[in-house]
Amino acid sequence: MVSQPPQDDYDEKSARQKEIDAWLPITSSRNAKWWYSAFHNVTAMVGAGVLGLPYAMSQLGWGPGITVMVLSWIITLYTLWQMVEMHEMVPGKRFDRYHELGQHAFGEKLGLYIVVPQQLIVEIGVCIVYMVTGGKSLKKFHDLVCDDCKPIKLTYFIMIFASVHFVLSHLPNFNSISGVSLAAAVMSLSYSTIAWAASASKGVQEDVEYGYKAKSTAGTVFNFFSGLGDVAFAYAGHNVVLEIQATIPSTPEKPSKGPMWKGVIVAYIVVALCYFPVAFVGYYIFGNGVEDNILMSLKKPAWLIATANMFVVIHVIGSYQIYAMPVFDMMETLLVKKLNFRPTTILRFCVRSFYVAATMFLGMTFPFFGGLLAFFGGFAFAPTTYFLPCIIWLAIYKPRKYSLSWWANWVCIVFGIFLMVLSPIGGLRTIVIQAKEYKFYS
């Protein structure tokens, strides 16, 4: 006869598990409202990537550019719906983290190996890119407001931007950053509106050209790939969607997917209002001469561009926190559950301070913004956003072959793999070209 473990032992384990879950950032607070989901999703989705969309359009051209932008919006809304649906597909259980869903679909070990590396590349990648963006926007603000001041290195501005995160990263969970996230969501709509409205009021430039900028065929092709990566980067909110849904209360009568989906719809309307006007108006006005950040192309009026840059800084502060929270959760889970550290404030302080310092250092070391966007965009954003949810859906629900659901998922998978393979090639080439003229910590 097999001996049963004593009940007391089981109860003690269960109590410890509950205590740890009550301490971890993703599962500690489940009282969010549907509108939390709306502004968390806007903050996660409408990143600084929106300012690179006119530049992406200049590399893709009108036809392919509009097609890729609209297709991406539809596909990512569909895959986001899948993730919201799958959050509670097992009665009585919630998949609070992306990798838990992966483990359910592919098995304990394989699920971790498939999802965690990609999710970490996306989240840490975004945090590094946002360190650079925050620093660049602060520098631009400083240079516009004080044009006769002594120039200050970008490195110092990245440090100034990071100093905010050494404070904010100690907020315990998603719900505690909802104020920061709301401010960030409002700012994203504001600076996107400034970007396209200021471009429109400027009028089409005299010597505007819409042809491809590169002189050689190879250059055109590589730029096209890079443009695809920029678009993929702009739709990166899926990496935190299950974690956001985990903060919404749920009962069998009122599952969390109702309020979550309501928030997602509002968020996606805001995304459309930000992305399409910025991309299309920006490209229409400046043509292929547009900078990789549209605000850099808009020189005047100085006060308006300075304001927009400050809005970007505030938005990126919120966005950094949204993407850092799941990483904090993974690091703290590993230390407390696997390595048996005690869940204390000191542990949390050390872990999070180390993470902010590491992303700051990497941001200061590699600030080639445009190339980084395309490289990370294709490498990890395309799988987690465009096709991993579809693969999980096919693995779990097994829709009938050649049914509508089957076709929809396979179309998304093919499009996503196309993005994943092509865009890092363009991004890497951009980094190599920019690195030639680059001085470390300049």
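Mentor: A helix here is a DSSP run of H or I with at least four residues, numbered from the N terminus. The model is predicted, with pLDDT of at least 70 required for local features and 80 or more for side-chain atom pairs, while totals for chains, interfaces and linings use all residues. Residues are numbered from 1 along each chain as its sequence is written, and side-chain values use heavy atoms, without hydrogens and water.

Trainee: Which helix gives the most to the lining of the largest pocket?

Mentor: A pocket is an open set of points on a 1 Å grid over the protein atoms alone, with protein on both sides within 12 Å along at least five of seven lines, and lining residues have an atom within 4 Å of a point. Helix 1 (7-23), helix 5 (98-106), helix 6 (108-145) and helix 13 (302-338) each supply at least two lining residues of the largest pocket. With eight residues, the greatest contribution to this lining is from helix 13.

Trainee: What is the volume of the largest cavity?

Mentor: A cavity is a set of grid points where a 1.4 Å probe fits but cannot get out, and two cavities of 30 Å³ or more are counted in this model. The lining of the largest cavity includes Ala44, Met45, Val126, Tyr130, Phe233, Ala234 and Tyr323, and at least two residues come from each of helix 2, helix 6 and helix 9. By class, this lining has nine nonpolar, two polar and no charged residues. The volume of the largest cavity is about 50 Å³.

Trainee: Are helix 2 and helix 13 roughly parallel or roughly perpendicular to each other?

Mentor: The axes of helix 2 (residues 34-45) and helix 13 lie 8 Å apart, at an angle of about 100°. Axes are lines fitted to C-alpha atoms over the stretch in contact, and angles run from 0 to 180 degrees between N-to-C directions. Under 35 degrees counts as roughly parallel, over 145 as roughly antiparallel, 65 to 115 as roughly perpendicular and the rest as oblique. Helix 2 and helix 13 are therefore roughly perpendicular.

Trainee: Which residues of helix 13 meet helix 2?

Mentor: Contact requires heavy atoms within 4.5 Å. Helix 2 contributes His40, Thr43 and Ala44, and the contact divides into three nonpolar, five polar and no charged residues. The partners in helix 13 are His315, Gly318, Ser319, Ile322 and Tyr323.

Trainee: How many charged residues has the contact of helix 6 with helix 7?

Mentor: Helix 6 and helix 7 (residues 154-168) pack at about 115°, with axes 8 Å apart, so helix 6 is roughly perpendicular to helix 7. The helix 6 side includes Lys136 and Lys139, and the helix 7 side includes Phe157 and Phe161. Besides ten nonpolar and four polar residues, the number of charged residues is two.

Trainee: Which residues of helix 9 make the contact with helix 4?

Mentor: Helix 4 (residues 62-86) and helix 9 (residues 217-234) pack at about 30°, with axes 10 Å apart, and are therefore roughly parallel. Helix 4 supplies Pro64, Val68, Met69 and Ser72, while helix 9 supplies Phe224, Leu228 and Val231.

Notes
Nonpolar A, V, L, I, M, F, W, Y, C, P; charged D, E, K, R; others polar. Points joined across faces, edges and corners; volume = space filled by probe spheres on them.
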